[in-house]
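Please look over the model below before reading the points. They are meant to be checked against the coordinates one at a time.

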Amino acid sequence: AMVSMGVYGVLLVSIQLLPPGPPWWGALMMVLGGASAVYGILQASVNSWLKVLLAHSTTENMGLVFLAIGASVLLRSYHSDATADAALLAALLLTLSHALFKTTLFLGAGAIQFATGETNLDRLGGLLKRMPWTAVSFGVAALAAAALPVTSGFVAEWTLLQSLVHGSNVSGTP
């Protein structure tokens with residue numbers, strides 16, 4: 001919830017309170033968001049502690065959100081309002097999707113830790129028989145986190161990709 005409130009604060013300031021920013025501001029947000037996304041997913045991919053892995057995954061997701069917000073600011077400065085709105089929609093979808101699946105993943109991680117006393121993925125196994133409901137809900141949330149088709153994560157990231165692809169056709173001066 002706190003991460004989503006941070007995104008809300010950034011959206012409130014960048015979209016509502018400040019006038020349309022210069023193009024470099026949106027480009028800077030995109031670069032920092034992209035770097036954060038890459039750093040977060042690289043850290044998550046090499047970690048074997050479940051809760052730490054989920055925390056690094058949050059870094060990756062928030063990087064994508066800030067990439068989308070930056071794209072919206074940049075596209076709006078070039079008067080490409082429809083594409084900027086699509087990027088803003090992607091940011092909101094990414095935030096909502098993240099709030100839903102990450103809550104489920106952290107609740108599942110807590111249930112696993114409570115039942116086994118362990119969060120090291122290398123030491124966990126055979127939980128499907130012992131905790132079937134947790135395993136199924138954790139699996140569905142993990143699919144959404146991986147942005148596989150038919151999940152909220154996929155829809156959000158596809159919307160971001162489409163806004164970036166269509167935004168690359170923008171020309172002119174701000």
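The numbered points below go through helices, surface, charge pairs and backbone.

1. Basis. This is a predicted model, in which local features need pLDDT of at least 70, side-chain atom pairs count only at pLDDT 80 or more, and totals for chains, interfaces and linings use all residues. Residues are numbered from 1 along each chain as its sequence is written, and side-chain values use heavy atoms, with hydrogens and water left out.

2. Helix α1. Helices here are DSSP runs of H or I with at least four residues, strands are runs of E with at least two, and numbering starts at the N terminus. α1 has 16 residues and spans 21 Å from its first C-alpha to its last, close to the 22 Å expected at 1.5 Å a residue. The expected span is 1.5 Å times one less than the number of residues. S4, V7, L11 and S14 are buried in this helix; buried means under 20% relative accessible area, exposed over 50%, and partly exposed in between, with a 1.4 Å probe and protein chains only. The buried residues of α1 pack against α2, α3 and α4 (81-116), where contact means heavy atoms within 4.5 Å.

3. Nonpolar surface patch. M5, Y8, L12, V13, L17 and L18 make up a nonpolar patch on the surface, and together they have about 570 Å² of accessible area. Patches take residues with over 30% relative accessible area and no salt bridge; nonpolar side chains (Val, Leu, Ile, Met, Phe, Trp, Tyr) are joined within 5 Å, like charges within 9 Å. Accessible areas come from the Shrake-Rupley method with a 1.4 Å probe, and for residues only the protein chains shown count as cover. L18 counts as partly exposed because its relative accessibility is 39%.

4. T58. This residue belongs to helix α3. T58 is classed as buried because its relative accessibility is 12%. Leaving out residues up to four places away in sequence, T58 touches V3, H98 and K102.

5. N47. This residue lies in the loop between α2 (23-45) and α3 (50-77). A polar atom of the N47 side chain is 2.9 Å from the backbone nitrogen of W49. A polar contact is a pair of N or O atoms within 3.5 Å; within protein, one must be able to donate a hydrogen and the other to accept it, and residues adjacent in sequence count only if both atoms are side-chain atoms. N47 also touches V52, L53 and H56, with residues up to four places away in sequence not counted.

6. Salt bridges. How many salt bridges does a search of the whole structure find? The search gives 3, a salt bridge being a side-chain nitrogen of Lys or Arg within 4 Å of a carboxyl oxygen of Asp or Glu. R76 pairs with D81 at 3.5 Å, N to O, and with D85 at 2.7 Å, N to O. R76 is partly exposed, with a relative accessible area of 25%. D81 is partly exposed at 40% relative accessibility, and D85 is partly exposed at 40%. E118 forms a salt bridge with R123, with the closest N and O atoms 3.5 Å apart. Shared partners join R76, D81 and D85 into one network of salt bridges.

7. Most residues other than glycine have a negative phi. H79 counts as exposed because its relative accessibility is 60%. A147 also has a positive phi, near 60 degrees, and lies in the loop between α6 (132-145) and α7 (152-167). A147 counts as buried because its relative accessibility is 14%.

8. L96 is part of helix α4. L96 is exposed, with a relative accessible area of 52%. L96 and A156 are 60 residues apart in sequence, and their C-alpha atoms are 8.9 Å apart in space.
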